[in-house]
Amino acid sequence: MAGSSNDSNPERVSSLMPQIWLCHETPGGDPAVPEWLIDYERETVAKFGGPRKREYLTSRWLIRQAISRTSGEPVTDCRPVPGRPNRSAVPSGFSLSLSHSHGLSACVASPVAGLGVDIEPLQRHPQWHKVVKRWFTPREQEWLFRADDPGNFLVSWTLKEAWLKATGRGIANNLQTLEVLEGFELYGDQDDSHWSAYCYECEGFLVTLVCRQSGATGQPGWPSIQLLQPPAEDFGLGEAEDLDTYWEPRVQRIIHPATRTE
């Protein structure tokens, strides 16, 4: 089963869910710094050059597109808070999550707190056995090593990354707070059952979203994915055009409260 960025099938896409916005980087040299950056962003981008600078500007451009499309406000009026872009400053009241990797950026915005998005290239799984042995739980290690499928590892890794973003934590000492069991049965260390996870294949990447659903115990369908036209060479902040893209669903799960036995 595949979906498209313009798919309105209610069994696949729900307008009540966060929407995932994607954007490829515009190729080119060292870009000029656009005027629409806030002071914090100007200070940060001054530390970068070349591809890293372009990646940063693309992600900041995409954040504003996501806020605008979620809030309905003009993109030129939208901006995130200084520092980690986990919520909007103007207009206020929206949670954000950002991920970028190998020339693709992803952003999610929602009025409901608790969002995490992570993207990884489908072919990226170097030395995954070592990562699993060091950082995953014994039960995770057992089934991942038995299956010996790097694709299972990559899905599990993006689920963990998205979970940590959604719950506001870093990787250090926290990777086991979401346990991914065989069949991608998910158990998290939160006390409620209002968390869901969605994993897609899109644009040669795994795109994984974890979100809290405001009192719901699960919601049918899939959050939609929209690919946007990359920013212009000067990173002008006009409204971006939608591009066609297609996605394949991989995992859709409720994240259950963990019930572990020592």
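Contact is taken here to mean heavy atoms within 4.5 Å. On that basis, in this predicted model, Glu140, Trp143, Leu144 and Ala147 of helix 4 meet Asn152, Phe153, Ser156 and Lys160 of helix 5. When these residues are sorted by class, the contact of helix 4 with helix 5 holds four nonpolar, two polar and two charged residues. The two helices pack with their axes 10 Å apart and at an angle of about 150°; because angles over 145 degrees count as roughly antiparallel, helix 4 is described as roughly antiparallel to helix 5.

Helix 3, which spans residues 128-135, also packs against helix 4, which spans residues 138-147, and the axes of this pair come within 9 Å and cross at roughly 160°. Helix 3 is therefore roughly antiparallel to helix 4, and the crossing in which helix 3 passes helix 4 is left-handed. On the side of helix 3 the contact is made by Trp128, His129, Val132 and Lys133, and on the side of helix 4 by Gln141, Leu144 and Phe145. The class composition of the contact of helix 3 with helix 4 is four nonpolar residues, two polar residues and one charged residue.

The pairing of helix 3 with helix 5, the latter formed by residues 150-166, has axes that come within 10 Å and cross at roughly 50°, an angle that makes helix 3 oblique to helix 5. The crossing of helix 3 past helix 5 is again described as left-handed. Here Trp128, Val131 and Val132 of helix 3 meet Pro150, Phe153 and Trp157 of helix 5, and the contact of helix 3 with helix 5 divides into six nonpolar residues, with no polar and no charged ones.

Glu55 is buried, with a relative accessible area of 14%, because values under 20% are assigned to the buried class. Residues up to four places away in sequence being left aside, Glu55 touches Glu25, His100 and Ser101. The C-alpha atoms of Glu55 and Gly103 are separated by 7.0 Å, although the two residues lie 48 residues apart along the chain.

Pro18 is located in the loop between strand 1 (3-4) and strand 2 (19-24), and at 10% relative accessibility Pro18 counts as buried. With residues up to four places away in sequence again excluded, the residues touched by Pro18 are Val108, Ala109, Ser110, Leu115, Leu209, Cys211, Pro223 and Ser224. Between Pro18 and Thr76, which are 58 residues apart in sequence, the C-alpha to C-alpha separation is 21 Å.

The peptide bond from Val90 to Pro91 is cis, with omega near -15°, and Pro91 is found in the loop between strand 4 (88-90) and strand 5 (95-101). Asn173, which is not a glycine, has a positive phi of about 65°; this residue lies in the loop between helix 5 and strand 8 (178-181), where Asn173 counts as exposed at 75% relative accessibility. Glu203, likewise a residue other than glycine, has a positive phi near 60° and is found in the loop between strand 10 (195-202) and strand 11 (205-212). With a relative accessible area of 30%, Glu203 is partly exposed.

As to the cysteines, where a disulfide requires a pair of sulfur atoms within 2.5 Å, the count of disulfides comes to zero. Cys78 is in no disulfide, and the nearest cysteine sulfur, that of Cys107, is 11 Å away; Cys78 is buried, with a relative accessible area of 2%. Cys202 is also in no disulfide, the nearest cysteine sulfur being that of Cys199 at 11 Å, and at 1% relative accessibility Cys202 counts as buried.

Key: Residues numbered from 1 in each chain as written. Predicted model: local features only at pLDDT ≥ 70, side-chain atom pairs only at ≥ 80, totals over all residues. Heavy atoms only, no water. Axes fitted to C-alpha atoms, helices over the stretch in contact; angles between N-to-C directions. Helix = DSSP H or I, 4+ residues; strand = E, 2+ residues; numbered from the N terminus. Parallel < 35°, antiparallel > 145°, perpendicular 65-115°, else oblique. Left-handed = near helix turned anticlockwise from the far one by under 90°. Nonpolar A, V, L, I, M, F, W, Y, C, P; charged D, E, K, R; others polar. Buried < 20%, exposed > 50% of the residue type's maximum accessible area, 1.4 Å probe, protein only.
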